[in-house]
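Please walk me through this protein model. I would like to see which side-chain contacts hold my attention and where they sit.

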Amino acid sequence: MLSNIIGLESAKRQLLAAFNHQRLAHAYLFTGEEGLGAEELAIEMAKFIMCSRPDKTNSEPCHTCSNCRKISTFQHPDVHYYFPVLKSTDNSEILTMLEEKSQELYFRVKVAGGSLHIGDQDNPEKNSIRGLLREIGLRSYEGNIKVFIVTFVEEMNQESANALLKILEEPPPNTLYFLTTGFLQTLLPTIVSRCQLVKLYKIKSEIIETALQTKNHVQIEESRIIAKLADGNYATALQLLSGDLKNKRELMIGFLLGVVGTRPSSIVEAVDALLAENKKDKAMVIDVLNIMATWFQDAFYVNNLQSQPELLESFVINHDKIDRVEKFISNFPRTNLDLAINEIEKAVDLISRNVYLNLILINLGLQLRKIIFDPKN
Ligand SMILES: [Zn+2]
C-alpha cells in the first residue's frame, strides 16, 4: 500500500478508501509535524491516481509507466508541486531541489524563510499562487484530472491565502488539491473548512528501523539507535543518518568526559571542542544533546530493569555502548538521572529558541556536573 511511504497507515487508508469508492474530495489538507511525509504521501497518491497500470489489489502505483515516472521527476504536465521560496530564489535553484527530491523522495523541498508567493499579476511565476490559477485555467494534457500539491500552506500571506481560498470555494471540475501543513491552527478557518483533513501521526520506531535497513541499507544496531532518536519522524531519521551518527556520539561522550573532568576548565574546553567540531551548527548540537539524553535514559533503565533483562533489552537505545553506560553508573552512582535528562531537555529548548549557544552549553555542563557528583546540591 503506497510502499514508498513509511508508516502513515491511517492516512493511506483514508485516501485509498475514498479513491476506491470514487469519493475523493476536491481538497485534502494533510496535517502533522514536518518530516512525517505529508508531501511525499501527496506525490505517491497522485501517482496511484494517475498510474496507467496500478496494482489495485495492493494499492500500489506501478512506478514505471510514463505517468508514474513523470510524476516522480516533477515533469508531469497535470501534476503541479508548489513550495515556499524566496523572491530571490531563481528557477534553476527550484529545478535543482526538485531534481534532488526525485532522487530521494523524502528530500525536504523548502527554501528557509521562503513563502508561497502570490506571484506577478501579468506574468505569474510557475511556483506562485497566480501561477496555480493560470494552470487551473489550462486544459489538462494527458489525463482528465489535474492535481495540485501545495506544501507548507502556513507560509502564505493574506493575499495568497485569499486567492487559494477562492479556488477552494469553487474548484473547477477535475481538479484535486493536496495541501500540507504542520501548523493547522495558523490557517484561515475558511481554508480548513473547505478541505478534508488527513491527520498524520508519528511513525512507530520499529517501522522506521525496518525502513532504514531495507531502503537505506543501514546496519541493524545503527538503525535501532537512529529510529529511537528520530522520535517517530522518518525525515529526522534520514537527517541523523546523513549527519554521521558515530561522530555525534563521540562528541557526546567527549562532552560528558569534560563534565566529569577534574580540572575546573574541562567544561569550557569540552564546550569549545563541541562547537569547533559543529561550526556552531545548532541542529548538530541539538542532535548531540538528544543523544546525551538517551545515554542518561539508558542509565536509568540499566538501574531499574536489571531484574527484567527482556524489558531492558527492548528499552535500551545505546546497545553497543551498554558497558560504558554501566561503568558510568558504577562510577557515579549518585547521579540524579531524571534531573540530568530534564536539564538536557531545557538546554535543547533554549537552543531552539536562539539563546546564546556557548552560554547554554557551559551552563548545562555545570548543572550536569552538580547532578552527577551530588544531586542534593
Ligand atoms: Zn504507473
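**A walk through the model**

H217 is exposed, with a relative accessible area of 65%. Here, exposed means over 50% relative accessible area, buried means under 20%, and partly exposed lies in between (1.4 Å probe, protein chains only). This is a predicted model, in which local features need pLDDT of at least 70 and side-chain atom pairs count only at pLDDT 80 or more, while totals for chains, interfaces and linings use all residues. Residues are numbered from 1 along each chain as its sequence is written, and side-chain values use heavy atoms, with hydrogens and water left out.

Stay with H217 for its backbone. Its phi is near 55 degrees, a positive value in a residue other than glycine. H217 is found in the loop between helix 8 and helix 9 (220-230). Helices (H or I, at least four residues) and strands (E, at least two) are DSSP runs, numbered from the N terminus. H63 also has a positive phi, about 70 degrees, although it is not a glycine. H63 lies in the loop between helix 2 and helix 3 (66-72). At 26% relative accessibility, H63 counts as partly exposed.

Next, the charged pairs. Side chains of opposite charge can pair when their charged atoms come close. A salt bridge is a side-chain nitrogen of Lys or Arg within 4 Å of a carboxyl oxygen of Asp or Glu. The whole structure contains 15 salt bridges. One of them joins the side chains of E33 and K202 (3.1 Å, N to O). E33 lies in the loop between strand 1 (27-31) and helix 2, and K202 in the loop between strand 5 (196-199) and helix 8 (205-216), so this pair ties together parts that are 169 residues apart in sequence. E33 is partly exposed at 35%. K202 is partly exposed too, at 45%. A network of salt bridges links E33, K202 and D231.

R249 forms a salt bridge with D320, with the closest N and O atoms 3.0 Å apart. R249 lies in helix 11 (residues 245-259) and D320 in the loop between helix 14 (309-315) and helix 15 (322-331), so the pair ties together parts that are 71 residues apart in sequence. R249 counts as buried at 8% relative accessibility, whereas D320 is partly exposed at 40%.

What does K110 meet in a salt bridge? Its partner is E155 (3.5 Å, N to O). This pair links distant parts of the chain: K110 is in the loop between helix 4 (91-103) and helix 5 (129-137), and E155 is in the loop between strand 3 (146-150) and helix 6 (158-169), 45 residues apart. K110 is buried, with a relative accessible area of 16%. E155 is partly exposed, at 24%. K110 has a ring contact as well: its charged end sits over the ring of F152, 4.7 Å from the centre. A charge sits over a ring if NZ of Lys or CZ of Arg is within 6 Å of the ring centre and within 35 degrees of the ring normal.

Now the rings themselves. Rings of Phe, Tyr and Trp (its six-membered ring) pair if their centres lie within 6.5 Å; planes under 30 degrees apart count as stacked, over 60 as edge-to-face and the rest as tilted. The structure holds 14 aromatic pairs. The rings of F19 and F48 have centres 5.6 Å apart and planes at 70 degrees, so they pair edge-to-face. F19 is in helix 1 (residues 9-20) and F48 in helix 2 (residues 38-50), 29 residues apart. F19 is partly exposed at 24%, but F48 is buried at 2%. The rings of Y81 and F83 are 6.0 Å apart at their centres with planes at 45 degrees, so this pair is tilted. Y81 counts as buried at 11%, and F83 is buried at 0%. Elsewhere, ring pairs link W295, F296, F328, F332 and F373 into a cluster.

Strand 2 pairs with strand 3 in the parallel sense over four bridges; two strands pair if DSSP finds at least two bridges between them. Y82 stands opposite V150 in strand 3.
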